[in-house]
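Subject: Structure handover

Hello,

Please find the structure below, followed by notes on what was found in it.

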Amino acid sequence: MVNKVAPDYEESELGVGDSTLVRAMCETFGRSEATIKQSLANGEAKDLGEVALLSRVAQKMLMMPPKLTIEKVFADMKALATASGKDSQKAKKERIQKMMVASRGAEAKYIVRMLQAKLRIGIQIPTLLQALAYAFVLTVPSQKGSSGVPDRRRGQGKFSAGDLEARMVSMEGAVKQAFCEQPNFDMVIAALMQGRDGSNLHEACHISLGIPVKPMLAKPSKGLGEVGERLSGKRFTGEWKYDGERAQVHVISRDKIFIYSRNSENMTEKYPDAIEAVKESLSEDVESCIIDAEMVAWDQEKKVILPFQALSTRGRKNIKIEDIKVNVCLFAFDCMLCNGVPLVKETLEARREKLWKMMKPIEGKVTFAVYRNFDDELKEEEVQEFLDESIAGSCEGLMLKTLTENATYEPSKRSLNWLKLKKDYIDGLGDSLDVVPIGAFYGKGRRTGAYGAFLLAVWDPENEEYQTVCKAGTGFSDEDLVTHYKFFESHKLEKPEANYNVTDKMKPDVWLEACQVWEIKAADLSISPVHTSAMGVKADGKGIGLRFPRFLRIRDDKQPEACGMLSCSQSASCLSLAASN
DNA sequence: TCTGGCTGCCC
DNA sequence: ATTCTGC
DNA sequence: GCAGAATGGGCAGCCAGA
């Protein structure tokens, strides 16, 4: 139900995406890619899973292959994950085809969705953990020397309603905490099978070296007003929010260091240089620890932070220190374990004190996130000033965290006690710009029957053409999507206008007349291999794209040809772009 | 051997 | 990543 | 407020086909 064959920290990807699935379906069911697109476009099917089911039902079979079993399907998934090398794509496709042909009832739909890792059944990990918790409250597994209890709502050992409720709440919290600290279903379920409950599950499943903890996440905050609501009356700290990659460093021993990503992927191979730096930076009395940090691209000569896009060009596999072109600096901001002792229940103030003692900064390699503490009387100007400083320092904004009250390390989204404050979250701030929708993509799932995303462009008066800047698929309410769909019913084009400068790679399902202006917001600019605006200005043969674009509103007061990049507002990167235009 | 498409994973 | 929606 | 499900830009790595 969680679409995984192994925990996140163990390598296993299927290497199967929509294209592979569509091709497999075409051959299996004798359909063309065009008719599949058609079923999705006309709302006959809400996703590829439904396409598969419709096709399967229409298929005439002479001989039915044996029924699928959970074991067989699981084995097939594992085989897909393992396949590699010459002709592996063909082998994968054939394996998928076999599964689809053997499917009965609604199975084809769910097999395809499993392969997409998008089950869309309203259940994901948190719900599954809740169900596990409830199941183990209601049913007590039998142990050596004691028989189990099949159902604690009746018979001997029956719980009263109130007792049952309390146990379920307690168990749910314990199971979720256990999974966050040790995100491995096999291990959590094994502990539950031993009869552990809300009171002692934690003794079996807790933060440990070599198993990545679900990192603590932050809630986006809409400006200083909300910060005040959440934090005034509490002592809190602000830290610069570096624009890099989350890094959870596990020092198992001084010679055995692993680094995990925000999503618990093992990134050790990617950062041999950072591992050396950590080793060098550790205090003598530290044997083992888990550190939370941000890995940031760093220019060693100029001693400045480089943008995220520079970091992302680093190789990922089998990296040798000599070959590294993009250097990194690790900015540590928290620690969850030290010398075998978990620290997650301590306050941030205490954890940070320990962190500062655990390692010494090495210029340009390892250091601590810049911070400023605020006392309980919130002074908005001070936070504002610190926010401005962070942006001047090439950061995205601030992380705001209580120091003592409610200041334990809470893995995952369980409690979003941390706040993140970015300029572009604040209404009226950040880069909002006006663009013209020139293409649209059919929506999937809940967006079937409308467009799910749009291709957006700006007008370049010099070349007299529309140049793309991004797609947008978020920021729309359901109502917006219906409005847009209806509006463009009478503004569709057979083919793109001659003055649409769009890369071949960008193929909308429907081309639109450049007849409406939208205000959108973005966090940043990036050098784009697919978008055509400001081509060559920042890099040869490359345009400029927008990072994290979202729809704000229709602008009825503006003409499409008034949408140039120059309308883009304050930020430094925008200004440099405007100047070079 | 080169190129482009696909996939997974960062944000 | 951001955003919206149902509960 | 949580959980789920829509959707974004862009990179390296892998594989197939030219």
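Lys 401 sits over the face of Trp 418, 3.7 Å from the ring centre, and Lys 471 lies over the face of Phe 441 at 4.2 Å (NZ of Lys or CZ of Arg within 6 Å of the ring centre and within 35 degrees of the ring normal).

This is a predicted model, in which local features need pLDDT of at least 70 and side-chain atom pairs pLDDT 80 or more, while totals for chains, interfaces and linings use all residues. Residues are numbered from 1 along each chain as its sequence is written, chains are lettered from A and ligands numbered from 1 in written order, and side-chain values use heavy atoms, without hydrogens and water.

Aromatic pairs number 23 (ring centres of Phe, Tyr or six-membered Trp rings within 6.5 Å; planes under 30 degrees apart are stacked, over 60 edge-to-face, the rest tilted). Phe 487 and Phe 488 have ring centres 4.9 Å apart and planes at 85°, so they pair edge-to-face. Both belong to a cluster linked by ring pairs, which also includes Tyr 442 and Trp 518.

DNA strand D has 42 residues around it, Gly 85, Gln 124, Thr 127, Gln 309 and Ser 528 coming nearest (a heavy atom within 4 Å). A polar backbone atom of Gly 85 is 2.4 Å from a phosphate oxygen of DNA strand D; for Thr 313 the distance to a phosphate oxygen is 3.3 Å.

Regards

Note on methods:
Polar contact = N/O pair within 3.5 Å; in protein donor to acceptor, adjacent residues only side chain to side chain.
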